[in-house]
Amino acid sequence: MDRYQRVEKPKVETPMAENEIRITSQGRMRSYITYAMTLLQEKGSDEIVFKAMGRAINKTVTIVELIKRRIVGLHQITSIQSTDITDTWEPLEEGLLPLETTRHVSMINITLSKKELDKAAVGYQPPLPADQVKPSTDFEYDGEGSPGGRRRGRGGRGRGRSRGVSGMKSYLIWLLNYNLQVCHMD
């Protein structure tokens, strides 16, 4: 593909609800957590919706789990979808034809609510037991890595190793099984 360049499509800005948070792989976790906590505790929102695609899914799940461990009584519904994204590539050399490639991208929507949600929904999770929630307004967690500290290692802030599609599926299956186990402990 070094003889092609991708054609940037104009981004279609869809209106966003005030309680919707779109997570990107570039955004800082602490900012998302602070904003979500502000919506739920200070702005009076009863419900927030997190949306993410592709590599941002891992970050979204982590953010949601951290918030659930800081605010008592949050119900959760998770839904997973996928979409196809078509990219257009223009040739940099004469004689080559333009190309179109299609990629299959995973998407996740996670709704956290103070009010009870539909318990019959496939992705429903009840609130965590109160003894597992540590109410706090300040977060010790400051990074993209482990919650324990500010370790960066020798490489600085690299992109890290990608899980790939099968790794993502394994992670989501593990997460769902973990949450089911926690729910059955009650």
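Which residues have the most contacts inside the largest nonpolar core? They are Ile21, Ile23, Ile48, Phe50, Ile63, Ile67 and Leu112, in a core of 26 residues. Such a core is a set of buried Ala, Val, Leu, Ile, Met, Phe, Trp, Tyr and Cys residues joined through side-chain atoms within 4.5 Å. Buried means under 20% relative accessible area, with a 1.4 Å probe and protein chains only. β2, α1, β3, α2 (56-68), β5 and α3 (164-184) each supply at least two of its residues.

This is a predicted model, where local features need pLDDT of at least 70, side-chain atom pairs count only at pLDDT 80 or more, and totals for chains, interfaces and linings use all residues. Numbering starts from 1 along each chain as its sequence is written, and side-chain values use heavy atoms, without hydrogens or water.

Select β2 (residues 20-23) and β3 (residues 47-53). They run parallel, joined by four bridges; pairing takes at least two DSSP bridges. Find Ile21: its bridge partner in β3 is Phe50.

Helices are DSSP runs of H or I, at least four residues; strands are runs of E, at least two. β2, α1 and β3 form a right-handed β-α-β unit: with the strands pointing away from the viewer, the path from the first strand over the helix to the second runs clockwise.

Next, show β5 (residues 99-113). Seven bridges tie it to β3, antiparallel. Val49 stands opposite Thr111.

Finish on α2. Of its 13 residues, 12 are buried, so the rest of the structure largely encloses this helix. Select Ile67. It touches Ile33, Ala36, Met37, Leu40, Phe50, Leu74 and Leu112, leaving out residues up to four places away in sequence. Contact means heavy atoms within 4.5 Å.

Technical notes. Buried means under 20% relative accessible area, exposed over 50%, partly exposed in between (1.4 Å probe, protein chains only).
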